Amino acid sequence: MAAMGELWSQVGSIMASLMFVYALFKQYFPYQIRGYLERYSNKLVNLVYPYIQITFHEYSDERFKRSEVYGAIRTYLGACPSSSKAKRLKAHDIKDNKSLVLSMDDNEEITEEFQGVKVWWTSCKHVTKSTSFSYYPASDEKRYYKLTFHKSHRDLITSTYLNHVVQEGKAIAVQKRQLKLYTNNSSDNWYGYKSSKWSHVVFEHPASFNTLAMDPKKKQEILNDLDKFKQGKQYYAKIGKAWKRGYLLYGPPGTGKSTMIAALANYLEYDIYDVELTAVKDNTSLRKLLIDTTNKSIIVIEDIDCSLDLTGQRKKEKKKDEEDGENKDPMKERAEEEKEESKKSKVTLSGLLNFIDGIWSACGGERIIVFTTNHVEKLDPALIRRGRMDKHIELSYCCFEAFKVLASNYLDIESHPLFARIKCLLEEIDMTPADVAENLMPNSVTEDGETCLKNLIEALEVAKEDARKKAEEEEAKLKAEEEEAKLKAEEEKAKLKEKKEEKEEKESEESAKEVVKCNGTMVVKEVKENGVKENGVTT
Ligand SMILES: Nc1ncnc2c1ncn2[C@@H]1O[C@H](COP(=O)(O)OP(=O)(O)OP(=O)(O)O)[C@@H](O)[C@H]1O
Ligand SMILES: [Mg+2]
């Protein structure tokens, strides 16, 4: 026992001496000598250590984009049979509340055998400590997988095995894929623990093209277009165009623009990236957001006419003019202005144009960009030209065909004698699918389909009556305005006439006076010349 204790104390002192020598070596040896020694010591280790290690980092050197290979390895390792031996796993997504997507937790190791060859996978994490004080701990974590295998199997592992891992990983990911709905984080927060540009939730919208109420011809046209796009990888490569397509959805509120986006995502099985432009600081941030999206995705900017404030500059100047009159502390005013300015998004139209159709938009592929608007006429023509927004889809008021889809969805009714009346009313009245759908929804559990149809007819008749009254009111208003304008015109005419007459009268008076004056002079002249007696008196 005493000998054992002695042995331990000796080991301890040897370790301490080695560490001391290593510290001295690091501190005092010149850099070149150190590199030289390290190279040779590595060679020495390689002689006795016959294993090769390959690392796969989550973010490659470009830094912008998450490595696809890393993702595939993570999925593969989570699903491979040997992972069941790992004790610490991370659960990611749950598809339909059934199957868990698992991956190895940090610093966990699993062993796998491929064609009789043993390999070891380790998940590692490298934390770069930030020098400044931060409220949030790990500021910059870099994750990677390390693969270790014997050097005699180098060819088998680097070509066949790794290929197998990546292909399998991708296939499993497609199988277990859960659609995601992303939204961009404010670009002011792209640092520290919130460094990711996008946050997501699982996308579970039930909308589909079957439930979407619109003209069946138009719907089929869109479906054909989508199919062509999805299978168009080679075609796009052949014509030398980036594999992306722009859709502009326009129409009044409640006509199904947002619903169609959900249907698109479900049909194509693409993730949705919903861009909130007001949270994007500038054009560079917008570009970074784009690069950080994955392939097979739909990038959405809703209400594009409201998102971009291109008149901001002018408004600000106006505001400034208004405030000029008030006596304000200039320092305070400037600080306030700067604060306002920093909060404001500086994304410009040109930034957005480049986002959709610039060189950067070709990074990655299989992307659909969707803009929605209620006022298509307000948009800059450059923004919606073909090539940027390739397909313009108008979603309009509910037609009879669209109503039939809603009736089938909401009431399971394919045809009914009341349909004829509804058809007539829908031809006369503009009602959005949202309103029709609302009227078709049973008000209570006991309400049957026919009552719902009657409710809709009643609502349509009320809308018709309202429209008629409104039209009448407008007509009456127009008539009144016309009458007023007519009266005004007559009054003006009368006034003009009066003025003209007055003028004429004045003129005739003037001329009469002139005549009298002339005549008077003439009489005087005549009297002087002829000496005629007037009333017997010589003048
Ligand atoms: N064409 C449609 N087919 C099926 N349901 C529809 C349709 N249009 C509207 N709806 C229903 O009406 C509701 C509102 O529709 P949605 O949000 O898609 O309208 P929107 O056009 O995006 O409106 P906004 O312009 O105000 O954003 C949805 O919940 C949906 O159930
Ligand atoms: Mg909408």
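Tutor: Beyond four places in sequence, Val 370 has Tyr 247, Leu 249, Ile 261, Ile 298 and Val 300 as contacts, a contact being two C-beta atoms, placed from the backbone, within 7 Å. The model is a predicted one, in which local features need a pLDDT of at least 70 and side-chain atom pairs a pLDDT of 80 or more, while totals for chains, interfaces and linings take in all residues. Residues are numbered from 1 along each chain as its sequence is written, and chains are lettered from A and ligands numbered from 1 in the order in which they are written.

Val 370 belongs to strand β12 (residues 367-373). Helices (H or I, at least four residues) and strands (E, at least two) are DSSP runs, numbered from the N terminus. Val 370 counts as buried because it has 26 C-beta neighbours inside 10 Å; the cut-off for buried is 20 or more other C-beta atoms within 10 Å, that for exposed is 12 or fewer, and partly exposed lies in between. Lys 257 is 113 residues away from Val 370 in sequence, yet the C-alpha atoms of the two are 9.9 Å apart.

Around Val 370 is the nonpolar core. A core here is a set of buried Ala, Val, Leu, Ile, Met, Phe, Trp, Tyr and Cys residues joined through C-beta atoms within 7 Å. The largest one has 57 residues, and the members touching the most others are Ile 261, Ile 298, Val 300, Val 370, Leu 406 and Leu 440. Its greatest contributor is helix α14 (residues 400-411), with seven residues. At least three residues of this core come from each of domain 2 (182-310 + 346-394) and domain 3 (400-477), with bounds from an automatic or database domain assignment. In soluble globular proteins, nonpolar side chains tend to be buried together.

Leaving out neighbours within four places in sequence, the contacts of Leu 406 are Ala 213, Pro 433, Val 436, Ala 437 and Leu 440. A separate core of 13 residues lies apart from the largest one, with Met 104, Val 119, Tyr 145 and Ile 157 among its members.

Some of these names return at the ligand. Of the 14 residues around ligand 1, those that come nearest are Pro 253, Gly 256, Ser 258, Pro 433 and Ala 434, where near means a C-beta atom, placed from the backbone, within 6 Å. Helices α7 (257-268) and α16 (433-440) each give this shell at least two residues. Domain 2 (182-310 + 346-394) and domain 3 (400-477) each supply at least three residues of the shell around ligand 1. By class, the shell has seven nonpolar, six polar and one charged residues; Ala, Val, Leu, Ile, Met, Phe, Trp, Tyr, Cys and Pro count as nonpolar, Asp, Glu, Lys and Arg as charged, and the others, Gly among them, as polar.

Two backbone details sit in loops. Most residues other than glycine have a negative phi. Glu 269, not a glycine, has a positive phi of about 60 degrees; its place is the loop between α7 and β10 (271-274). Glu 269 counts as exposed because it has 11 C-beta neighbours inside 10 Å. Lys 296 also has a positive phi, near 55 degrees, and is found in the loop between α8 (283-291) and β11 (297-301). Lys 296 counts as partly exposed, with 18 C-beta neighbours inside 10 Å.

Of the contacts with a separation of 6 or more, 74% join residues 24 or more positions apart.

Confidence is highest in α7, at a mean of 95, and lowest in strand β15 (residues 537-538), at 44. Residues 131-139 have a pLDDT below 50, and beyond near neighbours in sequence this stretch has nine contacts in the model. Residues 532-539 stay under 50 as well, with six contacts beyond four places in sequence. Where pLDDT is low, the predicted coordinates should not be read in detail. For the complex, the predictor gives an ipTM of 0.98 and a pTM of 0.69.

Conventions
pLDDT is the predictor's confidence in each residue, from 0 to 100.
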